[in-house]
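Work through the exercises below with the sequence and the model side by side, and try each task before reading its solution.

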Amino acid sequence: MGVGGPQRTTVDEALLRGDASDVAPRLLNLLLVHGQEVGRIVEVEAYGGARDAASHAYRGRTRRNASMFGPPGVLYVYLSYGLHHCANVVCGAEGTAGAVLVRALDPVSGIDAMRRRRSGATSKERLCAGPGRLCAALGIGGDCDGTDLLDVRSAVTLADDGTAPPLEPLVGERVGIGLRAGPAARLQWRFAVPGARSISRPFPRAGRDPLS
DNA sequence: GGGGGGATTCGG
DNA sequence: CGAATCCCCCCG
């Protein structure tokens, strides 16, 4: 057999139909593709709708978050802190808000182009370790908001090379959620591939209870 | 119409 | 730790 690597297929919409917290861990080890630049999704976070105080959609639809209400498979891109773009895979039924934030990729190909876009980054494992970093590396900007990730003709797509998601992903609280989000800040809606090289920030050590 | 805060990142 | 810098929310 050839050494060209496993065949890449598109992702079925059925994978994305559920709630964000159910869909998120199933996106681990899929590929995010923009032209020649390809990265493996190794860290994600789930964001819901009206019941998730940490979600952009908590207070309903706005111009910014409109894509979150779209059909599953749409790309939701927003500008964070006026500087960095962040990419989400929209999930759940059309009309309901739900999305999975892609927080880190392991670079697979197009690494030279990624480095060019991220002039500061040197090491491969930092290239796409963070939601803003990976968008910069892949060239995903606001113009990509609303893209259909399941359409092979799109500039940005999701792909599956046959690597299954981990049976036991790392699980933790979402990053950067302020106290104003209330109990939603403690939801264990962050997931990652154990042992992945590119993780945006460490997960707290599991296996011990706090001293409460 | 104004002010505060953010799903971030980098440099000092 | 603070700056960069835009969108959105809430209050008046």
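**Exercise 1: Cysteines**

In this predicted model, the sulfur of C91 lies 16 Å from the closest cysteine sulfur, that of C86, which is too far for a bond.

Task: Find how many disulfides the whole structure holds, and examine C135.

Solution. Begin with the general idea that a disulfide is a covalent bond joining the sulfur atoms of two cysteines. The cut-off needed here is that the two sulfur atoms must be within 2.5 Å. For C135, the nearest cysteine sulfur belongs to C86 and is 6.1 Å away, so C135 is in no disulfide under that cut-off. A search of the whole structure accordingly gives 0 disulfides.

**Exercise 2: The setting of E43**

Task: Decide whether E43 is buried or exposed, and state which partners its side chain reaches through polar contacts.

Solution. First, locate E43 in strand β3, which covers residues 37-47. Next, read its relative accessible area, which is 0%; because buried means under 20%, E43 is buried. Then look at the side chain of E43, which makes a polar contact of 2.9 Å with the side chain of R190 and reaches the backbone nitrogen of S200 at 2.7 Å. Finally, beyond its neighbours within four places in sequence, E43 is in contact with several residues, among them L28, L101, R103, F191 and I199.

Terms used:
Residues numbered from 1 in each chain as written. Chains lettered and ligands numbered in written order. Predicted model: local features only at pLDDT ≥ 70, side-chain atom pairs only at ≥ 80, totals over all residues. Heavy atoms only, no water. Helix = DSSP H or I, 4+ residues; strand = E, 2+ residues; numbered from the N terminus. Buried < 20%, exposed > 50% of the residue type's maximum accessible area, 1.4 Å probe, protein only. Polar contact = N/O pair within 3.5 Å; in protein donor to acceptor, adjacent residues only side chain to side chain. Contact = heavy atoms within 4.5 Å.
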